[in-house]
Each structure stands twice: as C-alpha cells, then as structure tokens.
Amino acid sequence: MTFSVGSVWHATQAVVRRDWQIYAVVLAAFSVLPALVLQMTVQMPSLDHPEVRLGVAGWSFLIANYVLALIGTLTVAALAGAAVEVPGQSVGSVLAGTVKPMLKLLAASLLAFLIMTVALAVAAVVLALLAGLIGGLFGVELPDAQSAGSMLLIFAIIAAIMIVEFFVTLRLSALPGIALFERIGIFASLRRTWRLTRGHMLTLLALALIYILAATPIVALVYLGTQQFGPPTGSLPAFVVAALLLLPGLALNIYFSAAMGVVYRLLAGTEAEAA
C-alpha cells in the first residue's frame, strides 16, 4: 500500500462512486441546509458591509452551523474510511459514534494550535527583547513603526506564522481518522498523527493545494451570485440561486470528507507495511 496523490484519488473515487448518494444526503442535511438557513437568518460581515457585527444570536447560529458541518464531515469520513476496510457500514451506526470522536478531534486540534500559539508568542517576545538588547548595546536605532523596513518585517513575521500554521495543519491531517477509528487519548492522538504524517508532507501539501484550487472558484461563484441576486430571503429567485450555488460546494465536500477517511487508512496501511 502506497500513499500518494494518485492512490488517495483512486481510493476516494472508488468509495464516492459507490456510495455518493449516502454521502450527499448526509452532507446536505448537516452542511448545505444549515448553511442555507444561516444565510437566510444572519447577515454576515462582507466587503460591502464591513460594519455588520454578529450578535449573540449570530454567533450561536454560526457555531451551530460549524458543529453540524463537522458532524456531517466526520460521518462521511467514517463511512469512507470504513468502506476501505469493511464495506457496508450503516449511516445510523456511524452517526451514533461520531459525537465522541468529534469532541476528541476538537480538543486535540485546539490543544495543538494552543501550543503553537504559545510557542509563537514566546518566540515573538524573545525576538523583541533581543532586538531591544542589541539596539541598546550597539546603539542601533530601530526603524520607525511606519517605515518600509518595519512594514517588511511585519509582513515577514505574518508570513512565517501562516507557514507554521499551514505546516501544523498538514501534520494534523490524520487526526480525524485517528479520532474516529482509534481509541486513544488526546495527547496520544497528537503523537500518532505526527508519526503517521512523517515523510508524507509533499503529498499532503499537494492534496491541500488541489483542494484550495478547487474551492477557490466555488467560493468566488457563491460570492458573485450573492452579490448579483442578493440574500436568499430577498426573493424566490434569490433563494433558488442560493440553493443552487451550494451544490458545487456539496460535490467538493463529498470528495473532501471521503478523502479524510481514505488518507488515514492509507497512512496507517503504509506504516503497517513499513513495520
């Protein structure tokens, strides 16, 4: 068993081709319909309306939407991951076992990014102290906050933080599958995903870039459609257009969610063969 872009694509395509109706129903119920309700009930900040602020109700709807979408994604990932090993899992049995792994996945992800945030904050403080110390010892005058040098330094720091966050996200790629299929704790799950993804970063990076390239025109399509026809509550045509615009995202999410389960199975299988 090999882990490559081709093997992930072929395995994902096989399970999606066989069970796409089930995946579509699950994601429509947990992702598409809540997203449509969110658009109809909550006005979100946008480039045209940056002054809009989410109240308590808005944040509640947004968090509920995220949780439901995560449950749907994990359910499809579990169905696809199980299909690679043992086909025929029922949606009901998988859905019933999704909530606890979801909590473990959230806890492990938050812990990983908390550790990363603390480490970056400590590094930033140390660098600032070193810069002040060097300036004091050698009489080097630090650039003004509005100068080109300062702006370039700020840009470099932000770029470095984004690269680190992207790297950590890739190393957590196996975490959903671990949360679903392995009965281990949060810290053990983090060590496990770090071990499984070691040596596969280029493949994971290629998969992430493919997803980004596929998602970008869909996001642009939804944005332009909303700008052209208005919110789904404005009229019946606007509602129909908003619903239709969610269908390309549904198709992409079917493959993305199924790939999450497939990626874990292939990584685990590759590790088992290497051992």
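The side chain of Ser 7 has a polar atom 3.0 Å from the backbone oxygen of Thr 2. This is a predicted model, so that distance is computed. Ser 7 sits in helix H1, which spans residues 5-41. Its relative accessible area is 17%, under the 20% cut-off, so Ser 7 counts as buried. Leaving aside residues up to four places away in sequence, Ser 7 touches Thr 2 and Leu 266.

**Overall build**

The protein has nine helices and zero strands. From the N terminus on, the order reads α-α-α-α-α-α-α-α-α. Of its 275 residues, 36% count as buried. Among contacts with a separation of 6 or more, 77% join residues 24 or more positions apart. The accessible surface comes to about 15900 Å². Carbon and sulfur atoms hold 75% of that surface.

**Aromatic pairs**

A search of the whole structure finds four aromatic pairs. One of them joins Phe 167 and Trp 194. Their ring centres lie 6.1 Å apart and their planes meet at 80 degrees, which is over 60, so the pair is edge-to-face. Phe 167 belongs to helix H5 (residues 148-171), and Trp 194 to helix H7 (residues 186-196). The two are 27 residues apart, and the pair links distant parts of the chain. Phe 167 is partly exposed, with a relative accessible area of 37%. Trp 194 is also partly exposed, at 33%.

Phe 181 and Tyr 264 form a stacked pair. Here the centre-to-centre distance is 5.6 Å, with 15 degrees between the planes. Phe 181 lies in helix H6 (residues 175-181) and Tyr 264 in helix H9 (residues 236-274), so this pair ties together parts that are 83 residues apart in sequence. Tyr 264 is buried, with a relative accessible area of 4%.

**Arginines over rings**

Two of the paired aromatic residues also have an arginine over the ring face.

| Arginine | Ring | Distance from ring centre |
|---|---|---|
| Arg 171 | Trp 194 | 4.4 Å |
| Arg 265 | Phe 181 | 4.1 Å |

Trp 194 thus has two partners described here: Phe 167, edge-to-face, and Arg 171, over the ring face. Phe 181 is stacked with Tyr 264, and Arg 265 lies over the face of Phe 181.

Methods. Residues are numbered from 1 along each chain as its sequence is written. This is a predicted model: local features need pLDDT of at least 70, side-chain atom pairs count only at pLDDT 80 or more; totals for chains, interfaces and linings use all residues. Side-chain values use heavy atoms; hydrogens and water are left out. Helices (H or I, at least four residues) and strands (E, at least two) are DSSP runs, numbered from the N terminus. Buried means under 20% relative accessible area, exposed over 50%, partly exposed in between (1.4 Å probe, protein chains only). A polar contact is a pair of N or O atoms within 3.5 Å; within protein, one must be able to donate a hydrogen and the other to accept it, and residues adjacent in sequence count only if both atoms are side-chain atoms. Contact means heavy atoms within 4.5 Å. Rings of Phe, Tyr and Trp (its six-membered ring) pair if their centres lie within 6.5 Å; planes under 30 degrees apart count as stacked, over 60 as edge-to-face and the rest as tilted. A charge sits over a ring if NZ of Lys or CZ of Arg is within 6 Å of the ring centre and within 35 degrees of the ring normal. Accessible areas come from the Shrake-Rupley method with a 1.4 Å probe; for residues, only the protein chains shown count as cover.
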